[in-house]
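Dear colleague,

I am writing to hand over a structure for your files. Please find it below, followed by an account of what was found in it.

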Amino acid sequence: QIQLPNIIDIYPHLNGMVNWESINPALRFPDITLPKKRLIIGVPTAQRQNASYLVPSLEQLFKNARAEDLKKMRIIVMIADLNGTSSNFVQHTLKTLKEHFMDYFNSGLLQVLVPPAEWYPDISLIPPNLNDTAERMYWRTKQNLDFAYLMIYSARMGELYLQLEDDIEVAQDYTQVYLCRCHI
C-alpha cells in the first residue's frame, strides 16, 4: 500500500507546532468565511526593489473578466513577507488595495492574506544547489514556500485554481477559458 506524504513530510519545520491553527493566515482581509467559488485565482506578491505592478494587474483581472464570470470566481492576493503583518510592505500593500478595491473586498471577489511567520523555516540554513548563489537560493526557496502556502490555503476555496504572477498583462475575456461549460 502506498503511503502518501503529508504536510509534515514536505515541511518538517512545522512538526514542532503545538497548535495547527498557527498555519492559518496571520492576516486575512476581509476576515470572514466566504462561500466556495468555481475559480480561485491566486496572486502572490512580494516586495520588489523598484516598483509594484499589483494594482494594474488586479485592475486588468477585474476589467477583462466577463461580468457573469466575476460571480463564479475569487482572487486571493497573498502578501509574502517574512516579517509578517508588522512589515511596512504588508501594511502599505493592504492600505493601497483597500483604497483601490474596497468594492471587490465587500463583494467577496477579492481577499488578501499574509502567511504566519511559522510557515517559513530558517531559509538561510538551506545550502545552495544547482550552482545558484546563496541569494538566488534564498529567493527560490522562499518563492516555493509562498506558492505552496497560497495553494494550500486556496484548495478549500474553489474547484479550479489558477496561479498568476503579480505583474501580468491580462487578455480580454480570459475567464471564458477557465469557466466555460465545455468538457475537455
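**Overall composition**

The protein chain exposes about 11,100 Å², of which carbon and sulfur atoms supply 52%. Please bear in mind that this is a predicted model. The protein chain has 184 residues, and 45% of them count as buried. Its secondary structure comes to six helices and five strands, and along the sequence these follow the pattern α-β-β-α-α-β-α-β-α-β-α. Among the contacts in the protein chain with a separation of 6 or more, 78% are between residues 24 or more positions apart.

**The sheet**

The five strands form an open sheet with mixed pairing, in the order β1-β4-β3-β2-β5. Because β1 and β5 stand at the edges with a single partner strand each, one side of each is left without a neighbour in the sheet. On average, neighbouring strands of this sheet are turned by 20° against each other, direction ignored.

Strand β2 covers residues 37-45, and eight of its nine residues are buried, so the strand is largely enclosed by the rest of the structure.

Helix α2 lies across β2, β3 and β4 (110-114), and runs at about 170° to β3. Helix α5 (residues 134-154) packs on the sheet and touches β1, β2, β3, β4 and β5; its direction makes about 160° with that of β5.

Helix α2 also has a helical partner. Two packed helices are described by the angle between their axes and the distance between the axes. For helix α2 (residues 54-63) and helix α4 (residues 88-107), the angle is about 15° and the axes are 11 Å apart. An angle under 35 degrees counts as roughly parallel, and α2 and α4 are therefore roughly parallel to each other. The crossing in which α2 passes α4 is right-handed. On the α2 side the contact is made by L54, V55, L58, E59 and F62, and on the α4 side by T93, T96, L97, H100, F101 and Y104.

**Two residues and their surroundings**

M78 is found in strand β3 (residues 73-79). Its relative accessibility is 0%, and since buried means under 20%, M78 counts as buried. Leaving aside residues up to four places away in sequence, M78 touches V43, P44, T45, L113, P115, D146, Y149 and L150. One of these, L113, is 35 residues from M78 in sequence, yet their C-alpha atoms are 4.9 Å apart in space.

N24 lies in the loop between α1 (7-10) and β1. With a relative accessible area of 31%, N24 is partly exposed. Residues up to four places away in sequence again left aside, N24 touches P116 and Y149. The C-alpha atoms of N24 and L113 are separated by 9.5 Å, and the two residues are 89 residues apart along the chain.

**Backbone features to note**

Most residues other than glycine have a negative phi, and most peptide bonds are trans. Two places in the model may be read against that background. The peptide bond from F29 to P30 is cis, with omega near -5°; P30 has its place in the loop between β1 (27-29) and β2. The phi of D173, a residue other than glycine, is positive, near 60°. D173 is placed in the loop between β5 and α6 (175-179), and at 31% relative accessibility it counts as partly exposed.

Conventions
Residues numbered from 1 in each chain as written. Predicted model: local features only at pLDDT ≥ 70, side-chain atom pairs only at ≥ 80, totals over all residues. Heavy atoms only, no water. Helix = DSSP H or I, 4+ residues; strand = E, 2+ residues; numbered from the N terminus. Buried < 20%, exposed > 50% of the residue type's maximum accessible area, 1.4 Å probe, protein only. Contact = heavy atoms within 4.5 Å. Areas by Shrake-Rupley, 256 points an atom, 1.4 Å probe, with all protein chains shown as cover. Axes fitted to C-alpha atoms, helices over the stretch in contact; angles between N-to-C directions. Parallel < 35°, antiparallel > 145°, perpendicular 65-115°, else oblique. Left-handed = near helix turned anticlockwise from the far one by under 90°. Pairing = 2+ DSSP bridges.
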